[in-house]
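Hi,

Here is the structure I promised to pass on. Please open it first; my notes follow below.

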Amino acid sequence: MSGSQTLVVKLGTSVLTGGSRRLDRAHILELVRQCSQAINAGHRIVIVTSGAIAAGREHLGYPELPPTIASKQLLAAVGQSQLIRVWEQLFGIYGLHVGQMLLTRADMEDRERFLNAHDMLHALLDNRIIPVINENDAVATAEIKVGDNDNLSALAAILSGADKLLLLTDQRGLFSADPRSNPQAELITDVHVIDDELRMIAGGSVSGLGTGGMATKLQAADVACRAGIDVIIASGNEPELINEVLNGKPAGTLFHAQKNRLENRKHWIFGAPPAGAVTIDDGAQAALLERGSSLLPKGITHVQGDFSRGEVISIRSQQGRDLAHGVSRYNSDALRMIAGHHSQQISEILGYEYGSVAVHRDDMIVS
Ligand SMILES: Nc1ncnc2c1ncn2[C@@H]1O[C@H](COP(=O)(O)OP(=O)(O)O)[C@@H](O)[C@H]1O
Ligand SMILES: N[C@@H](CCC(=O)OP(=O)(O)O)C(=O)O
């Protein structure tokens, strides 16, 4: 890839604190230096920063708080202003300004809010201001939360029309097992397909600092790759990594983008991790992939998770391969009841109906 690129850099709490209880300002400065160098070379950089909760703890002197969501929100409210100040001061050393954007899933799921966020992000970039994005933890309730910054960064990558998404963490990439508990685990350098086998090896976070571990990084990679964006998971301690990633040098684990970029109109469907999944039979798979059909309840063999009508779900093959993402016309309970049945039976089974399809073709993006 040549010329100017847009790169989203997501920094996990693990990187920002260096595994300690404090923000590691010296290390953040080094990453800021690399970003500034890239901006001066004509690239566009978007920062997705974790660390508000860690910064809040540090600022308040590690208070004893009950382990509740409200405590995390309190820490995030205090810490976010500390965090943004760090980014502002450090980029200021290089004569660059930052603009804070605090997002939630609601900003992605609603078409109008999606466009507002999209326009603001581009306005900042056009003015050479670095967007610094985090989840709006202080006010986001569970229902409207993205929940982790890996998935949030995939959203930011889509919004900014990024070429690449770089997820910086405390490991060199995705390993064949969690290297913390399996020293023999090997680095996976290239991923073309994200399937159940890969999901099995991507574990959660055990450090007590991060949210989601590799599992949410894999979800983010899936979302971004489908949108045509290359994703790299790499260590936040690698010198000159940002430059190397922009130059296409191998680093960490590279998830190869799917070739055809999505139509912009459908991008918003990928703003959040799927709220659930349905497994479909081979006939429905052929209808979806070969004939461009909608998904009918008849073809569904299994419904996974708990989701509402209108939420995005993934549609999987019998082998667990993600075939498509789309907006479900029925909630998960209703889908469980009508799965395997003809559409004419929907109102008889449920006592109501929202039409004959489970996921309409217009609300679906096929891999
Ligand atoms: N297969 C795997 N390969 C690499 N790391 C893994 C894997 N499975 C689980 N992990 C864990 O994921 C952690 C990184 O995620 P997380 O703690 O959420 O960090 P961050 O703050 O960077 O998001 C690693 O420290 C590691 O213990
Ligand atoms: N929004 C939270 C971070 C959530 C999160 O995903 O953390 P991490 O796994 O460290 O990237 C915060 O600022 O503390």
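Five strands form an open sheet in the order β10-β9-β11-β12-β13. The pairing is mixed. Note that this is a predicted model. The edges are β10 (300–304) and β13 (359–366), each of which pairs on one side only. On average, neighbouring strands of this sheet are turned by 30 degrees against each other, direction ignored.

One strand pair deserves a look. β11 covers residues 312–316 and β12 covers residues 322–328. They run antiparallel and share five bridges. Isoleucine 313 is bridged to glycine 326 in β12. As background, strands in a sheet pair through backbone hydrogen bonds, in either a parallel or an antiparallel sense.

A helix also packs on this sheet: α12, residues 282–291. Helix α12 touches β9 (276–280), β12 and β13. Its direction makes about 85 degrees with that of β12.

Now the ligand. How many residues surround ligand 1? There are 26. The closest are Gly12, Thr169, Gly203, Ser205 and Gly210.

What is the make-up of the shell around ligand 1? Its residues divide into 13 polar, ten nonpolar and three charged.

α1 (13–17) and α9 (213–226) each supply at least two residues of the shell. The largest share, three residues, comes from α1.

Best wishes

Conventions. Residues numbered from 1 in each chain as written. Chains lettered and ligands numbered in written order. Predicted model: local features only at pLDDT ≥ 70, side-chain atom pairs only at ≥ 80, totals over all residues. Near = placed C-beta within 6 Å. Helix = DSSP H or I, 4+ residues; strand = E, 2+ residues; numbered from the N terminus. Nonpolar A, V, L, I, M, F, W, Y, C, P; charged D, E, K, R; others polar. Pairing = 2+ DSSP bridges. Axes fitted to C-alpha atoms, helices over the stretch in contact; angles between N-to-C directions. Contact = placed C-beta atoms within 7 Å.
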